[in-house]
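Hello,

Here is the structure we talked about handing over. Have a look at it first, and then read on for what turned up.

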Amino acid sequence: MLYVITAILVLDFVLGRVLSVLNASYEHLPIPEEICDIYNEERHSKQVSYAKVNRQLSWLTNGLSLLIMLLMLYLGGFRWIDLWVHDITSEVVNPIWRDIMMAVCYFSLLELAESVISIPISVYRTFVVEQRFGFNTTTPTTFTLDWLKSTLLQLLLISVVLAAVVGVYDSIPDWFWLVSWAVVAVISVFVSYFYSQLIVPLFNKQTPLPQGELRDAIEKLAAQAGFHLTDIYVMDSSKRTTHANAYFAGFGKKRRIVLYDTLIEQLSTDEIVAVLAHEIGHSRHNHTAKAMATGLAQQLLMFVLLGLALRYNLLAGAIGCEPSFHVNMFLFSILYEPLSLLLSLLGNYVSRKNEYEADAFARSNGLAQSLVVALKKLSANSLSNPNPHPAFVFFYYSHPTLVQRIRALSNTYK
Ligand SMILES: [Zn+2]
C-alpha cells in the first residue's frame with residue numbers, strides 16, 4: 001500500500017511537470033491574429049518572462065512538497081505525529097471525544113505545518129515576482145494579517161467538519177457515509193450562502209455601487225435581460241493586487257454581484273456591463289446551482305469510498321500506525337487524488353462549456369464587441385498566456401482560452 005501511495009504522489013508530480021514543459025514549448029509561437037493588437041512585442045516578452053518565473057516557482061513548490069511527503073512517509077514522520085496525538089489525548093476518558101480530539105489535532109498540525117512551510121514561497125511570489133511585474137499592492141501588514149486570518153479560518157473549518165464526521169463515525173458507523181455527507185453538505189451550503197457576510201468581510205471591504213452612470217447602465221442591462229437585480233457591491237481588491245475580476249456570490253436572497261475596484265479602474269462602462277452580462281448569463285443558465293449540485297454529488301461519492309476504506313481498515317498499517325480514523329482518512333485523501341483529478345477534468349470541461357454559454361448570453365444582448373474588448377484588456381493587463389498548450393488547457397483551464405472565446409463571440413457579431 002505504501003508503494004501505491006508513493007506512485008500516486010510521484011505520478012501526480014510528473015504529470016504536472018510534463019504539462020508545464022509542454023506549455024512552455026508553445027511560448028514562442030506567433031501571437032494569434034485576433035490578439036495581435038494587445039500583445040505587442042514588448043508585452044509578449046514581458047508575458048514570457050512572467051510565465052517563466054511562475055513555472056520555476058511551481059517546480060519549486062511541487063518538488064518541495066513531494067520531497068517532504070516522501071521523507072515524512074519513509075522516515076516515519078506521520079507515525080511520529082500519530083504517536084504524539086495519542087499521547088496528548090491520553091487523559092481523555094470518553095472514547096468518542098478522544099477520537100475527535102486526535103483527528104482535530106492531527107489535521108490541524110498538518111495544516112499548520114503546510115501553512116508555515118509555504119510562507120517563504122508565498123512572500124517571494126508576492127513581494128518579488130508580483131512586485132517586479134507591477135501587480136503587487138499588498139503591504140507586509142496586510143500580508144501577515146491575511147496569513148493569520150486564513151490559517152485560523154482553515155483550522156476552524158477543519159475542526160468543525162472533523163468533529164462532526166468523527167462523531168458520526170463513532171456513533172453510527174453503518175450510516176457514516178450518508179449522515180456525514182449530509183452534515184458536510186449543510187455546512188458547505190451554509191458557508192456559500194453567507195459567503196459575502198461571513199468570509200469576505202474578514203479580508204475585504206464591500207461597498208454598494210454608488211448611483212451614477214455605471215449603476216444606471218447595469219440596471220438598464222438587468223431590465224433588458226429580464227433579470228431581477230439584487231445588490232451590486234464594489235470590493236477593495238486593489239489593496240492586494242491589480243488583477244481584476246467580477247463575480248456573483250451566494251444565492252437566493254443573499255445573491256449579490258461583486259465588482260473588483262480594479263475592474264472599474266481598467267474597463268469602460270460598456271465593457272463592465274458586458275462582463276456583467278456574462279455573469280448574468282451564468283445565473284440565467286443556472287450554472288451556480290448546477291455546480292453546487294455536482295459538488296454535493298462528488299462529496300457523496302467521496303464519503304461512500306471513505307466509508308469503505310474505513311471499514312476495511314487497510315490503510316493505517318501501511319505506514320506503521322495503529323488503525324485510527326485520522327490516519328486512515330489522511331491516507332485515503334492521497335489515494336483519492338487520481339479520482340479527484342478525473343473529476344476535476346470533467347469539472348473543467350463543463351465549466352469551459354458554461355463560459356461559452358455565458359459569453360453567448362452577453363452576445364445575445366448585443367454586447368459581443370464590448371466583451372471582446374474587455375476580455376482582451378483583462379487578459380493583457382494580467383499577462384495571461386496567449387498561446388497555452390491544448391493539453392494544459394484540457395487539464396487545468398476552467399475557462400476557454402482568450403482566442404477561443406473571441407472566435408466564438410466573433411462568429412455572430414461580424
Ligand atoms: Zn464566467
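A word on handedness before the details: a crossing of two helices is called left-handed if the near helix is turned anticlockwise from the far one by less than a right angle, and right-handed if clockwise. By that rule, α13 and α14 cross in a right-handed way. Please keep in mind that this is a predicted model.

Let me stay with that pair for a moment. Helix α13 covers residues 287-312 and helix α14 covers residues 325-335; their axes come within 10 Å and cross at roughly 125 degrees. Angles of 65 to 115 degrees count as roughly perpendicular and those over 145 as roughly antiparallel, so α13 and α14 are oblique to each other. On the α13 side the contacts are made by M302, L305, L306, A309 and L310, which meet F325, N328, M329 and F332 of α14.

Now to the part I expect you will want to see, the zinc ion. Which residues coordinate the zinc ion? The donors are NE2 of H278, NE2 of H282 and two OE atoms of E355, at 2.1 to 2.7 Å. Along the sequence these donor residues follow the spacing H-x3-H-x72-E. H278 and E355 are both buried.

Why is the arrangement around the zinc ion irregular? Four donors count as tetrahedral if all angles lie between 85 and 135 degrees. Here the four donor atoms subtend angles of 53 to 133 degrees, and the arrangement is therefore irregular. Water is not among the atoms, so sites may look incomplete.

The zinc donors H278 and H282 are part of the α12 contact set, along with A274, A277, I280, G281 and R284. Across from them in α15 are N354, E355, A358, D359, F361 and A362.

- N286 is in the loop between α12 and α13. N286 has a positive phi of about 55 degrees although it is not a glycine, and at 46% relative accessibility it counts as partly exposed.
- L383, in the loop between α16 and α17 (390-396), likewise is not a glycine but has a positive phi, of about 50 degrees. L383 counts as buried, at 5% relative accessibility.
- N204 belongs to the loop between α9 (200-203) and β1 (206-208). With a relative accessible area of 12%, N204 is buried. Leaving aside neighbours within four places in sequence, N204 is in contact with M235, D236, S237 and R240. N204 and M235 are 31 residues apart in sequence, yet 6.5 Å apart in space, C-alpha to C-alpha.
- N365 is placed in the loop between α15 and α16 (368-381). N365 is buried at a relative accessible area of 14%, and apart from neighbours within four places in sequence it is in contact with Q224 and A225.

Happy browsing, and do write back with any questions.

Best wishes

How values were computed:
Residues are numbered from 1 along each chain as its sequence is written. This is a predicted model: local features need pLDDT of at least 70, side-chain atom pairs count only at pLDDT 80 or more; totals for chains, interfaces and linings use all residues. Side-chain values use heavy atoms; hydrogens and water are left out. Donors are N, O and S atoms within 2.8 Å of the metal (3.2 Å for Na, K and Ca); water is not among the atoms, so sites may look incomplete. Four donors count as tetrahedral if all angles lie between 85 and 135 degrees; four count as square planar and six as octahedral if opposite donors are over 155 degrees apart and all others between 65 and 115; anything else is irregular. Buried means under 20% relative accessible area, exposed over 50%, partly exposed in between (1.4 Å probe, protein chains only). Contact means heavy atoms within 4.5 Å. Helices (H or I, at least four residues) and strands (E, at least two) are DSSP runs, numbered from the N terminus. Axes are lines fitted to C-alpha atoms, for helices over the stretch in contact, and angles run from 0 to 180 degrees between N-to-C directions. Angles under 35 degrees count as roughly parallel, over 145 as roughly antiparallel, 65 to 115 as roughly perpendicular and the rest as oblique.
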